[in-house]
Amino acid sequence: MEVFKGCKSLQSVVIPKWVSNIGSGAFSGCSSLKSVAIPESVTEIGRGAFEGCTSLQNVTIPPGVTDINSSTFSGCTSLQSIIIPESVKIMRGWAFEGCKSLAEVSILNPRIKFSDVDFKGCTGILRVNLPDRLTWDKVKSNFVDSPCIQNNIAK
């Protein structure tokens, strides 16, 4: 459901509390979108929902989201940090691909499943925060394009 796809003048969005699913491509290409408030009622974010939102700086993935589909935040070149809540069980590939300004990633679920390309092209990641039961060795292949891989910066 590409409801706002390509809406270049849209700058901020507050998604209503009755929404449970953000559809595929819903806000893709909204190049002026800077912030999104996603309510806790949302459990799924569709494929490419925010792909190419080049001005998006702030987004909070609420607890309750279990699935981040492929390319969800791909090409969000202004996104600076992301916390992936414990409720997220799977990221389906290229979720944050090309987010060049992404400097810090926090993954809270020690059993999360993700592919080796979820953070491909994220050349600015300096820090990766991990829960105690998720080791750097299990996730470092996701961050091969980032400075953190050379410095082995993870908590």
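Contact here means heavy atoms within 4.5 Å. Leaving aside neighbours within four places in sequence, lysine 17 is in contact with Pro39 and Ser41. The structure is a predicted model, in which local features need pLDDT of at least 70 and side-chain atom pairs count only at pLDDT 80 or more, while totals for chains, interfaces and linings use all residues. Residues are numbered from 1 along each chain as its sequence is written, and side-chain values use heavy atoms, with hydrogens and water left out.

Lysine 17 lies in the loop between S1 and S2; strands (E, at least two residues) and helices (H or I, at least four) are DSSP runs numbered from the N terminus. With a relative accessible area of 72%, lysine 17 is exposed. In this classification buried means under 20% relative accessible area, exposed over 50%, and partly exposed in between, for a 1.4 Å probe and protein chains only.

Strands S2, S4, S6 and S8, in the order S2-S4-S6-S8, form an open sheet with parallel pairing, where two strands pair if DSSP finds at least two bridges between them. S2 and S8 are the edge strands, each pairing on one side only. Between S6 and S8 the parallel pairing runs over two bridges, and isoleucine 68 has methionine 91 in S8 as its bridge partner.

In one of them, aspartate 67 is joined to arginine 92, with the closest N and O atoms 2.9 Å apart. This pair links distant parts of the chain, since aspartate 67 is in strand S6 (residues 67-68) and arginine 92 is in the loop between strand S8 (90-91) and strand S9 (104-107), 25 residues apart. Aspartate 67 is buried at 12% relative accessible area, whereas arginine 92 is partly exposed at 44%. Lysine 140 forms a salt bridge with aspartate 137, at 3.5 Å between the closest N and O atoms. Here lysine 140 is partly exposed at 35% and aspartate 137 is exposed at 60%.

Aromatic rings form a further set of links. Rings of Phe, Tyr and Trp (its six-membered ring) pair if their centres lie within 6.5 Å; planes under 30 degrees apart count as stacked, over 60 as edge-to-face and the rest as tilted. Seven aromatic pairs are found in the whole structure. Phenylalanine 4 and phenylalanine 27 are stacked because their ring centres are 5.3 Å apart and their planes are at 5°. Phenylalanine 4 precedes strand S1 (12-14) and phenylalanine 27 lies in the loop between strand S2 (21-22) and strand S3 (35-37), so the pair ties together parts 23 residues apart in sequence. Phenylalanine 27 is buried at 5%.

A nonpolar core is a set of buried Ala, Val, Leu, Ile, Met, Phe, Trp, Tyr and Cys residues joined through side-chain atoms within 4.5 Å. Of the 46 residues in the largest such core, Phe27, Phe50, Ile84 and Phe96 touch the most other members.

Notes: A salt bridge is a side-chain nitrogen of Lys or Arg within 4 Å of a carboxyl oxygen of Asp or Glu.
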